[in-house]
Amino acid sequence: NGLEEALARGGILQEFVPHGGVLYKLYCVGGRCKVVNRPSIPDNFASDGGAEQVRFERVSSDAAATRLKEDDPEGYARRVLGAEPLPSLLAERIAGAVAACAGGAELFGVDVVR
């Protein structure tokens, strides 16, 4: 079926976890990391219990963040800018674990939800 083909080509399947509509993008180069808050799928998107397919075109991209800032500045400020920061120690631990699992990779990005 289509899902099996997508997964065989390197696709990933993730269970949705409520996370306040904020995604923390952790970018690492060498031993240095930078965390950027991005808007994400809102927690209430699946609350209707429906099984319809919903497309989210690059929901956490810079373009999507810019659109949200322009379309709903108050919502953007509340959801993204007002989000609790990702603690530095947690970011460092995540980065270290990912680098170790990836054979010592020195350039990578990770999406983190809380």
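# Notebook: loop, core, bridges and patch

I started at Pro85, which I found in the loop between helix 3 and helix 4. Helices here are DSSP runs of H or I with at least four residues, strands are runs of E with at least two, and both are numbered from the N terminus. The model is predicted, so I took local features only at pLDDT of at least 70 and side-chain atom pairs only at pLDDT 80 or more, while totals for chains, interfaces and linings use all residues. Residues are numbered from 1 along each chain as its sequence is written, and side-chain values use heavy atoms, with hydrogens and water left out.

**Entry 1: Pro85**

I looked up its cover. Pro85 is exposed, with a relative accessible area of 57%. The cut-offs are under 20% relative accessible area for buried, over 50% for exposed, and partly exposed in between, with a 1.4 Å probe and protein chains only. Next I listed contacts, meaning heavy atoms within 4.5 Å. Leaving out residues up to four places away in sequence, Pro85 touches Tyr24 and Arg114. I also checked Asn37. Its C-alpha lies 8.2 Å from that of Pro85, across 48 residues of sequence.

**Entry 2: overall layout**

I counted four helices and three strands in the protein. Along the sequence the pattern reads α-β-β-α-α-α-β. Of the 114 residues, 25% are buried. Residues 24 or more positions apart account for 56% of them. The accessible surface comes to about 8200 Å², and 53% of this belongs to carbon and sulfur atoms. These areas come from the Shrake-Rupley method with a 1.4 Å probe; for residues, only the protein chains shown count as cover.

**Entry 3: the core**

Which residues make up the largest nonpolar core? I used this definition: buried Ala, Val, Leu, Ile, Met, Phe, Trp, Tyr and Cys residues joined through side-chain atoms within 4.5 Å. The largest such core has 12 residues: Val22, Tyr24, Leu26, Cys28, Ala83, Leu86, Ala91, Ala95, Ala99, Phe108, Val110 and Val112. Strand 1 (22-29), helix 4 (88-101) and strand 3 (107-112) are the elements that give two or more residues to this core. Strand 1 gives the most, with four residues. In soluble globular proteins, nonpolar side chains tend to be buried together.

I followed one member, Val112. Not counting residues up to four places away in sequence, Val112 touches Leu23, Tyr24, Leu86 and Ile94. Tyr24 had already come up as a contact of Pro85.

**Entry 4: cysteines**

I searched the whole structure for disulfides, taken as pairs of cysteine sulfur atoms within 2.5 Å. The search finds one. It joins Cys28 to Cys33, S to S 2.5 Å. The torsion about the S-S bond is about 105°, so this disulfide is right-handed. Cys33 is partly exposed, at 38%. I checked Cys101 as well, and it is exposed, with a relative accessible area of 74%.

**Entry 5: salt bridges**

My criterion was a side-chain nitrogen of Lys or Arg within 4 Å of a carboxyl oxygen of Asp or Glu. How many salt bridges does the whole structure hold? The search finds two.

One pairs Lys25 with Asp111, the closest N and O atoms being 2.8 Å apart. Lys25 lies in strand 1 and Asp111 in strand 3, so the pair ties together parts 86 residues apart in sequence. Lys25 counts as buried, at 14% relative accessibility. Asp111 is partly exposed, at 47%.

Another pairs Glu84 with Arg114, with closest N and O atoms 3.3 Å apart. Glu84 sits in the loop between helix 3 (73-81) and helix 4, and Arg114 in the segment after strand 3, so this pair ties together parts 30 residues apart in sequence. Glu84 is exposed, at 52%. Arg114 is partly exposed, at 41%, and Arg114 also touches Pro85. Side chains of opposite charge can pair when their charged atoms come close.

**Entry 6: a leucine patch**

For patches I used residues with over 30% relative accessible area and no salt bridge; like charges are joined within 9 Å, and nonpolar side chains (Val, Leu, Ile, Met, Phe, Trp, Tyr) within 5 Å. Leu3, Leu7 and Leu13 form a nonpolar patch on the surface, with about 290 Å² of accessible area together. Leu7 belongs to helix 1 (residues 2-8) and is partly exposed, at 36%. Leu13 lies in the loop between helix 1 and strand 1 and is exposed, at 64%. Leu13 and Leu3 are 10 residues apart in sequence, and their C-alpha atoms are 9.1 Å apart.
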